[in-house]
Amino acid sequence: MNVLGFGDNTVDRFVDRGTDYPGGNCVNVAVYAHRLGLDAAYLGVFGDDDLGTFVRTSVAAQGVAVDRSTVRPGRTSVSTLHVRDGDRLFLGYDDGTVRERPALDDGLTAYAASFALVHSSVYSRTEAQLPGLAAAGPLVSFDFSDEEEYRTPAYLDRVCPHVDLALLSCSGLDETATRALLTEAVRRGAGMALATRGLEGAIAYDGAVTATAPSRPADPASMSDTMGCGDAFLAGFVVSLLREGWARGLPPARAALDGALRHGAQAAYDQCFVEAAFGCGRPTPAPAPVAAER
């Protein structure tokens with residue numbers, strides 16, 4: 001079994017620590033799947049700047065294959081954040097100038113099809129690639145994040161028919177609204193939908209069965225930060241389902257779904273004690289000096 005992260009990569013800059021870390025939703029899921037014992041790879045575009053080299057070498061050092069990714073001229077994106085009471089709080093985002101994603105030509109489509117599961121996200125700009133990717137055969141998971149623009153009927157209709165698992169961050173919704181959103185994602189074509197709700201736990205729905213699981217809270221005094229916890233939950237969930245024989249058109253048994261939720265909660269808990277997404281931090285470079293006017 002193997003997992004491919006297809007899409008975004010970034011630098012997470014913790015201003016309170018003065019430290020840069022590699023990250024990005026699709027990078028993180030690949031790294032976490034590998035840490036859980038599966039072969040994993042990342043397919044994306046790295047910038048040719050120093051930060052892009054930093055991210056690419058850090059991902060490879062985690063045992064995640066990056067040999068089919070490309071390097072293109074441009075500036076790597078940077079998320080700026082800090083930690084308060086254990087929670088990571090975003091302060092801003094520089095989108096950089098490397099915005100392209102690999103076009104899935106016949107060779108890359110065949111490569112992606114060699115994986116049991118391919119994961120992508122709203123930040124990856126891969127929506128147009130999803131129909132061909134799903135038709136090639138691998139299971140497809142997709143992170144819809146928590147932003148309203150990615151929950152409109154038009155966006156759900158564009159993406160859901162081509163994904164086997166829709167992940168939705170729902171910590172800002174009550175349980176009734178969360179269940180309604182899961183139902184809507186499945187009604188519009190997703191094979192299964194998973195909502196993570198922070199301290200309120202998680203809910204999974206496959207069109208027939210609804211399963212819930214409590215969270216496993218960590219003590220803020222002992223944890224590092226919450227960066228990557230949602231990605232870790234997803235990785236724990238899908239790795240567990242893959243080991244139980246999850247396949248398209250074959251909904252997981254209730255026991256497998258319950259077990260996957262438990263594994264997801266454990267993975268998210270363990271992630272609380274990891275610096276940023278997966279460590280590998282280095283000091284933030286000092287700003288370039290501004291030339292004095294003459």
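Predicted model: local features only at pLDDT ≥ 70, side-chain atom pairs only at ≥ 80, totals over all residues.
Residues are numbered from 1 along each chain as its sequence is written, and side-chain values use heavy atoms, with hydrogens and water left out.

**Exercise 1. The whole chain**

- Start with the inventory: eight helices and 14 strands, taken as DSSP runs (H or I, at least four residues, for helices; E, at least two, for strands) and numbered from the N terminus.
- Then look at contacts, meaning heavy atoms within 4.5 Å. Among those with a separation of 6 or more, 68% join residues 24 or more positions apart.

**Exercise 2. Helix H7**

Find how the length of H7 agrees with its residue count, and decide whether the helix is enclosed or open.

- The expected span is 1.5 Å times one less than the number of residues.
- For the 15 residues of H7 (residues 229-243) that rule gives 21 Å, and the end C-alpha atoms are 21 Å apart, which agrees.
- Buried means under 20% relative accessible area, exposed over 50%, and partly exposed in between (1.4 Å probe, protein chains only).
- In H7, 13 of the 15 residues are buried, so the helix is largely enclosed by the rest of the structure.
- Just after H7 comes Gly245, with a positive phi of about 90 degrees.

**Exercise 3. Helix H1**

Which residues of H1 are buried, and which glycine follows the helix?

- H1 covers residues 25-35, and nine of its 11 residues are buried.
- Those buried are Asn25, Cys26, Val27, Asn28, Val29, Ala30, Val31, Tyr32 and Ala33.
- After H1 comes Gly37, whose phi is positive, near 105 degrees.

**Exercise 4. Gln62**

Where does Gln62 lie, and is Gln62 buried or exposed?

- Gln62 sits in the loop between helix H2 (50-61) and strand S5 (70-72).
- Its relative accessible area is 17%, so Gln62 is buried.
- Leaving aside neighbours within four places in sequence, Gln62 is in contact with Val31, His34, Arg35, Phe278 and Cys280.
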